[in-house]
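Please have the sequence and the structure in view while I talk.

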Amino acid sequence: MTDHRIHGKTILIAGGGKNLGGLLARDFASQGASGVAIHYNSEAARAEAEATAEAVRAAGANAHLFQADLSSAAAMEQLFDDAKQAMGRIDIAINTVGKVLKKPMTQISEAEFDAMDAVNNKTAFFFLKEAGRNLADNGKVCTLVTSLLGAFTPFYSSYAGTKAPVEHYTRAAAKEFGERGISVTAIGPGPMDTPFFYPAEGADAVAYHKTAAALSPFSKTGLTDIEDIVPWVRFLVSEGWWMTGQTILVNGGYTTR
């Protein structure tokens, strides 16, 4: 019988050095993962990634750090190759990488669009491709998208628009990888209380977002806290394996569809 627990599994987390990715790395280590491959983007994020790796090791799991700009297919292939070599196999792959831009469509330059597309769309596609090529049978894959996929709102065209294709990639990958027992899901958090959120928003917008979810009064920040997302990811890549090909909006009632 297939073991769908976290215990003894090896996990690759793109964007795993800090914020939600870092908390996931720590959580998986506490759940008995045998190894966690922690990707971070640049030297500026190294110190936080090293702190995450130290916490993972303190929890009893092996930690492996990999720095890479994942906006090329070659870099993504190298990341999976390196992680697989370091851990022996990859059982679970999670992609938390993303880039936010809040701006009217009429003011978005081609360079800005290309940067959003490279991080949110292209990176997600090649992450799923390499997961399909490298995951062990009965593996699990989860990608972080956005609850704005369920919103009717201005100013996020390049953000939600470059995350939207991941829904189809998730469905296609679930069908293509299913014959090997691999489940593929995506989670769309609401606005999260992380350093990525605040620079894109003005004070009025922050105040609105902190009251917009049905359960905002019961959140410590009013926003989606990263602690709210971790149990959902953990479930989908373990006991929740039977759900596949789905994008789930986890946001306390911020948006739905």
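Let me begin with E167, which has a relative accessibility of 16% and therefore counts as buried, where buried means under 20% relative accessible area, exposed over 50%, and partly exposed in between, computed with a 1.4 Å probe on protein chains only. Before I go on, please keep in mind that this is a predicted model, in which local features need pLDDT of at least 70 and side-chain atom pairs count only at pLDDT 80 or more, while totals for chains, interfaces and linings use all residues. Residues are numbered from 1 along each chain as its sequence is written, and side-chain values use heavy atoms, with hydrogens and water left out.

The partner of E167 is R257, and their side chains meet in a salt bridge at 2.7 Å, N to O; by salt bridge I mean a side-chain nitrogen of Lys or Arg within 4 Å of a carboxyl oxygen of Asp or Glu. R257 lies in the segment after β7 (246-250) and E167 in helix α6 (residues 165-177), so the pair ties together parts that are 90 residues apart in sequence. Helices (H or I, at least four residues) and strands (E, at least two) are DSSP runs, numbered from the N terminus.

How many salt bridges does the structure hold? There are twelve, among them the one between K18 and E48, whose closest N and O atoms are 3.6 Å apart. Because K18 sits in the loop between β1 (10-14) and α1 (19-30), and E48 in helix α2 (residues 46-58), this pair joins parts that are 30 residues apart in sequence. K18 is partly exposed at 29%, and E48 is partly exposed at 39%. Salt bridges also link E43, R46 and E50 in a network.

Turning to open space, the largest pocket holds about 1,000 Å³. On a 1 Å grid over the protein atoms alone, a pocket is an open set of points with protein on both sides within 12 Å along at least five of seven lines, where a 1.4 Å probe fits, and lining residues have an atom within 4 Å of a point. The lining of the largest pocket has 43 residues, of which T96, V97, G98, K99 and F196 are the closest to its centre. The largest share of that lining, three residues, comes from α1.

Note on methods. Grid points are joined across faces, edges and corners, and a volume is the space filled by probe spheres set on the points.
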